[in-house]
Amino acid sequence: LVDVSQPRFRSRLPFALDDFSSHVESFSKDIRDGLAEYWLITAGGKLSNYISNMADSSIVDEGKSDNDSVGLEYSLDDDDQDDDAVSAGSGLFKKFKEKNYNKSLASRLAIEGLDKNDGHGNGQKANASQPRRPNKAEKIVDTAVVLMSKQLRSMCENSLHAMCDMFEKLSNPVTASYSIFIINIRIKKVRTGDIANDFSEPVHVCLQPDLEEFKTTMHSCVQYIVNNARGYSRPEQSLAQTFGGRNHHLVSEMLVNKRHKKMDVSVVMMTDEIVQNITRRIMFQLEKFYAGPESLLKKFSILDSLLLGEKTDQVIHAINHCIGGDDILASLEELGKVSVELENLIEAIKTVVPDVCHFPLFEVRCSDLKEQLIRQCRFLLSKIMEAIVDENKGHMMTICAKYGEISNVLSSDITDSAELKALQEYTAKAASVLSDLMDQYTGVCLERIKFL
């Protein structure tokens with residue numbers, strides 16, 4: 001019911017947990033459908049042919065013996081009439097006649113299902129409370145059902161052992177170089193325990209799927225195997241009214257009485273010791289080897305400031321404190337320190353663990369989490385850059401507006417000497433303003449541009 005030891009299965013390793021479960025379920029169901037379509041029908045056909053051919057030997061011989069006895073009965077009746085005519089009251093011959101007559105009558109009563117004569121000489125039906133003894137054809141079918149049920153049980157047990165070997169025989173050179181399951185490292189919300197896709201609240205790293213999910217899924221896989229090894233119809237039900245051929249009458253009653261029965265004489269149950277033992281062994285191996293991937297989580301402790309939101313709070317505080325401050329150089333220096341820390345975090349994320357880590361049973365993929373962490377660091381860096389760009393843009397627009405104002409005044413038309421005198425005074429003042437604007441541009445705006 002499983003193909004875990006086949007090259008086709010091994011070529012697809014490793015599996016995501018859901019894909020593995022779906023594969024086991026679908027494969028065992030396909031095997032079940034194949035057995036129901038071919039195995040049961042073939043077995044039913046062979047049993048039917050055998051029962052149909054029984055008439056050539058045992059059944060015919062039994063019928064022949066009965067007919068001989070009946071014929072003997074009639075011949076004895078004729079002889080009786082002759083004896084009465086020749087020598088009435090011959091006791092010796094009468095005993096001989098009664099002995100053979102009783103034997104013939106007993107055979108006929110057995111065929112018709114009657115008991116021996118009661119005290120009044122009337123044949124009575126067999127006691128209804130006593131079950132009818134199955135005939136030879138029915139015994140053959142029941143024996144075949146027991147045998148096929150044991151074959152199903154053996155198939156189920158072998159499948160369970162093959163599943164267990166996949167977890168236990170990792171030291172075998174043939175199976176030592178592969179991982180079966182894929183585990184991804186994700187981030188999970190500290191408050192709710194849900195898998196997170198952002199850093200809007202404190203998170204921590206985790207393995208996905210976790211150990212309990214593996215245990216639950218493997219228990220379901222064992223259940224798939226057990227369930228698909230039971231509940232099969234009996235072989236005679238596949239042919240129904242044609243079963244038995246010319247001796248159909250021998251099994252007709254059985255077909256009616258057992259039309260809803262299943263071939264579960266030796267069925268494997270989830271409560272059987274072998275199923276419980278296999279399940280315990282699989283769970284033990286999962287717990288044993290899951291410790292390897294769990295050890296990777298400790299290496300992400302250097303990123304706790306980013307995961308718990310401390311680094312985000314630090315960036316927001318630095319932006320609020322530095323943007324709009326009087327000492328632009330000190331503000332840029334503080335923002336620069338935060339930016340360097342973020343850059344160092346990005347480098348640490350790249351090397352904290354390999355993109356793919358291999359352990360017995362498990363292949364741990366870390367690349368998605370590393371990319372997610374790096375995106376968060378770059379997002380915080382972009383917030384710093386955007387704050388500086390916005391501030392610099394506003395400052396330069398202010399400078400440009402002041403330049404525009406001075407240009408409009410200096411280019412205005414003069415109509416009298418008073419306006420000329422006022423323009424001369426404004427020009428003298430504008431010279432110092434222009435010098436200050438230039439200092440702002442070269443001393444402040446240019447520093448921000450250099451920082452970017």
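Trainee: Which residues of α8 are buried, and against which elements do they pack?

Mentor: This is a predicted model, in which local features need pLDDT of at least 70 and side-chain atom pairs count only at pLDDT 80 or more, while totals for chains, interfaces and linings use all residues. Residues are numbered from 1 along each chain as its sequence is written, and side-chain values use heavy atoms, with hydrogens and water left out. Taking buried as under 20% relative accessible area, exposed as over 50% and partly exposed as in between (1.4 Å probe, protein chains only), the buried residues of α8 include Ile-274, Ile-278, Ile-282, Leu-286, Phe-289 and Pro-293. With contact meaning heavy atoms within 4.5 Å, the buried residues of α8 pack against α5 (136–168), β1, β2 (203–208), α6 and β4.

Trainee: What span does helix α8 reach from its first C-alpha to its last?

Mentor: Helices (H or I, at least four residues) and strands (E, at least two) are DSSP runs numbered from the N terminus, and α8 covers residues 273–295, which is 23 residues.

Trainee: Which strands pair with β4, and in what sense?

Mentor: Two strands pair if DSSP finds at least two bridges between them. Four of the five residues of β4 (residues 361–365) are buried, so this strand is largely enclosed by the rest of the structure. Arg-365 of β4 is the bridge partner of Asn-184 and also stands opposite Val-356. The pairing partners are β1 (residues 179–189), parallel over five bridges, and β3 (residues 356–358), antiparallel over three bridges.

Trainee: Why can the buried residues of α7 be said to line one face of the helix?

Mentor: In α7 (residues 248–257), His-248, Leu-250, Val-251, Met-254 and Leu-255 are buried. Seen down the axis, and taking the directions from that axis to the C-beta atoms, these buried residues line one face because they fall within an arc of 135°.

Trainee: Is Glu-236 buried or exposed, and what is its relative accessible area?

Mentor: Glu-236 lies in the loop between α6 (211–227) and α7. Leaving aside neighbours within four places in sequence, Glu-236 is in contact with Val-141, Val-145, Phe-243, Met-254 and Leu-255. Glu-236 is buried, with a relative accessible area of 1%.

Notes
Expected span 1.5 Å × (residues − 1).
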